[in-house]
Every structure is written in structure tokens, then in C-alpha cells.
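Subject: Structure for you to look at

Hello,

Here is the structure I promised to pass on. Please open it first, then read my notes below.

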Amino acid sequence: MYARLLAPLLLALPMTSACTTIPDIDAGPPPATVVVAFDRETITPLIVEGVRNRERGEAVEANDPVRIASISKLIMALATLRLVDEGKVDLDADVSDYLGWQVRSPNFPDAKVTLAQLLSHRSGLRDNAGYVIPLDESLEAKLAEPEAWYAESPPGEAQFEYANLGSPVVASVLEAATGERYDRIVERTVFAPLGIEACLNWIGCSEDQASRAVTLYRDTGEVARDEPSDLPPNCTVPVKEGTACDLDSYVPGTNASIFSPQGGVRIGMMNLAKIGQELTKRHTDSFLSFDSLGMFIFSMMHKPEPGQEFFCVYGLGVQMIEAPQETCSDGLFDDGLSRIGHAGEAYGLRSGLWLDAVGGTGIAYFTTAVPPRQGAEDEGGFSQREKDLMKRAQALLAEQNSN
């Protein structure tokens, strides 16, 4: 159904640039917010306002690094596909073969679990048992907990269930297949080829990057994440009580949860836009092979079960929003165009990387101190803050196009 919408992503069309707004700090800083627009050639800040740290009163800048939450899953998918191209992993292989121990749902011991299932949230894993596994604790032990699995259907046939726990499994498989730590895999396969400065849980970020960290605040003003005490040289990974914060002894392939692959990427919006740019390129220019790029794009042909409120169309770590003929709580732009990418939500932050698959343009953004959801009627979907931001961004682009 979506081939007509997805295929044009293999091409690219130009987009005009736009202007930057200047925050009025004297009037009291609004929540730190950055919105940038991009096409294949240009990246343009549209909205840059607020402060990255309230105590210091430093105005946020367009490329200040921030924890982008679940957009990290899209980056993980790209790293996985790069390793597919290297011949290091197979999306349909049993992940047990890489990890060296059996990954099985307790109710379906004969059903294998694959990277494709994990990336598309159809492995049967769920978050009921939690998904943060500190350094010196066991990923294998976590997956042995019955609460970690959907009980009614086997992996591959289980209903779509968005599960953060799948990300540490994917990242650990990539480590086991390469012998590299997950943070270094992402640096080698995604960040370095695209000229991006970014990191996971601040590991590998320069002192300059860490000094520009965007502190995340809740709507109450309470610090939620990444205040100075959360930054290097302090420990930046979850650690079991009584265990030293020492990555030198970490064995790749045992527990990549420590890098927070489900949401721990720190990156500025100008750099995040470079990833969006890569996905607007013609397949002959892409850092993915034609086959891998095709798998990534057309994985969204597989739709979740009816009744999904937000993830109506989801593939290998990538989502389509506002798909035609779908009634879903995923309206963000409301301009009649379907877009692909990923949303992020955690610690009072909302973020997004979204590409217009037909026009070849995109938006990368974050905003902080967003109020929490209010009850069951507010589950899923984008916040009003995000919708208002996209209206402002579209107005700026329209103004630029008219000049």
C-alpha cells in the first residue's frame, strides 16, 4: 500500500533555507527548544530558544548535544544495517547464535528470536520486567524473567508491542558479532562516516561537547537528566551497587544496556539532521547498500495489529506518521504529507526526526520541560507543544519561500 510513498525516499529534492529566531532571555527563558530544517544539501536552524542550563543561564545553541530518547533506536537500526552490509550480522538469524546462549520466550522455547523481530518490536519482548540493566548485571538473567515476554504468541507472530528491552539485545548482538563495544560500533558505522559529533551516555563525547550539554528539566522545573553531576568525569552509565564504574573490563556482547541503546544518544540537532540528509540521498550515494536501504524503507509495509494508537506503521527502527487511510493518533504536521523517522519522549523532553518521503525534506527538533501525559485519554501521539512548534517551523519555511 505504501510503496508509492516510500519509494521516492531513494531520490532527493531540494529545499529552501530559513531563518533563526533569537531567544528573549530577559523575559525569562522558555524551555530549551531547537528546530532545524534540512534537505540533501543544506541544514538550517529555524527555532533556537531557551537555555541549556538554568543555573548558568547559557542560551541554547542550534547544535548543543541533548539526549534524544528513542530516536536512538533509528540510529541503532542504521548501525545494524551497516553491519549487514559488512556481512557481520543477518537480520533473520537466531540471535542466540551470536550471543552464545539461548534467547527464548519461556512459552515458546522452539521459536527463534531475530534482529528483524527485535528492531520492529515483534519479538515478543515487553518492558514489564524493566529494561535498564546496570554494569555487572546479566542481560541473560533479565531475559529469563517470564515478565519480559508476551505470553500469548511466539516471537515473529506476537502482536506489535513497543519494547525498550529489545534494544539492549540488539546492541549486545552487534557487539558479539564484531567484538566491539556498542558505542564504538555506532561511532564507526554511523557517526564518523557522516561527520557527526555524538555519543552514547556521554562516552566518547569531547570535553567541549559535554560543556554544552542540554540539561533536561521536567515541567515543574525539577532537573530530570544531564545536569553537571551527570557528566564526565563522573560515571555516566548505570552501575550495579558496589561495582566500580570501569568500562575497561567490560566484555562486548554481554550487556550493552549500559550504553542505553534505546534512548541514550547525545547529539545536536544540526548533527541529527545529517542523518536525515543521508536518508534523503539517492541510493547510489547512500552509505547503505541498495538492498539494506530497501529493507529499511520497505520494512514499513508490515503494519501493526489494528488498534494501535500511535505506531500505526512501523518497520526496522523507523516509523511512518500520518499515513493515508489510517486513523491514528500520530498527527504532527497535518499538511497531508506522510513522513518517516522516529519520535523521542523521556525526562520531560520530546524530540523527532521526520522526513517527507515525497518531497525529500526534513525536520529535526527537541523541546524540553513538556508536561507529562494526563491520563489514558492522553496516551500516545504528539504533544500540543510539538504540534505548535511544527506550525511555527512551517510558517518560517513558507516565509522564506516567499522571499
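In which hand does α2 cross α10, right or left? The crossing is right-handed. Keep in mind throughout that this is a predicted model.

Some background on such pairs first. Two packed helices are described by the distance between their axes and by the angle between them. Here α2 covers residues 71-85 and α10 covers residues 290-298. Their axes come within 9 Å and cross at roughly 145°. On the α2 side, the contact is made by L74, A77, L78, L81, V84 and D85. On the α10 side, S292, M295 and F296 take part. By type, the residues of this contact are 7 nonpolar, 1 polar and 1 charged.

Next, look at S70. This residue sits in the loop between β5 and α2. Is S70 buried or exposed? S70 counts as buried, because its relative accessibility is 11% and the cut-off for buried is under 20%. Its side chain makes a polar contact with the side chain of Y162, at 2.9 Å. Beyond its sequence neighbours within four places, S70 also touches other residues, including N164, Q262 and H342.

Compare T284, in the loop between α9 and α10. T284 has 60% relative accessibility, so it counts as exposed. T284 and V265 are 19 residues apart in sequence, and their C-alpha atoms are 28 Å apart in space.

Now the salt bridges. How many are there? The count comes to 20.

- R212 and D64 meet at 3.1 Å, N to O. R212 is in the loop between α8 and β7, and D64 is in the loop between β4 and β5. The two are 148 residues apart, and both are buried.
- R188 and E86 have their closest N and O atoms 2.7 Å apart. R188 belongs to helix α7, while E86 lies in the loop between α2 and α3, 102 residues away. R188 is partly exposed at 31%, and E86 is partly exposed at 34%.
- R104 and D94 meet at 2.8 Å, N to O. R104 lies in the loop between α3 and α4 and D94 in the loop between α2 and α3, so the pair ties together parts 10 residues apart in sequence. R104 counts as buried at 18%, and D94 counts as buried at 10%.

Finally, there is a network. Salt bridges with shared partners join R52, R56, E58, D64, D208 and R212.

Best wishes

Definitions and conventions:
Residues are numbered from 1 along each chain as its sequence is written. This is a predicted model: local features need pLDDT of at least 70, side-chain atom pairs count only at pLDDT 80 or more; totals for chains, interfaces and linings use all residues. Side-chain values use heavy atoms; hydrogens and water are left out. Axes are lines fitted to C-alpha atoms, for helices over the stretch in contact, and angles run from 0 to 180 degrees between N-to-C directions. Helices (H or I, at least four residues) and strands (E, at least two) are DSSP runs, numbered from the N terminus. A crossing is left-handed if the near helix is turned anticlockwise from the far one by less than a right angle, and right-handed if clockwise. Contact means heavy atoms within 4.5 Å. Ala, Val, Leu, Ile, Met, Phe, Trp, Tyr, Cys and Pro count as nonpolar, Asp, Glu, Lys and Arg as charged, and the others, Gly among them, as polar. Buried means under 20% relative accessible area, exposed over 50%, partly exposed in between (1.4 Å probe, protein chains only). A polar contact is a pair of N or O atoms within 3.5 Å; within protein, one must be able to donate a hydrogen and the other to accept it, and residues adjacent in sequence count only if both atoms are side-chain atoms. A salt bridge is a side-chain nitrogen of Lys or Arg within 4 Å of a carboxyl oxygen of Asp or Glu.
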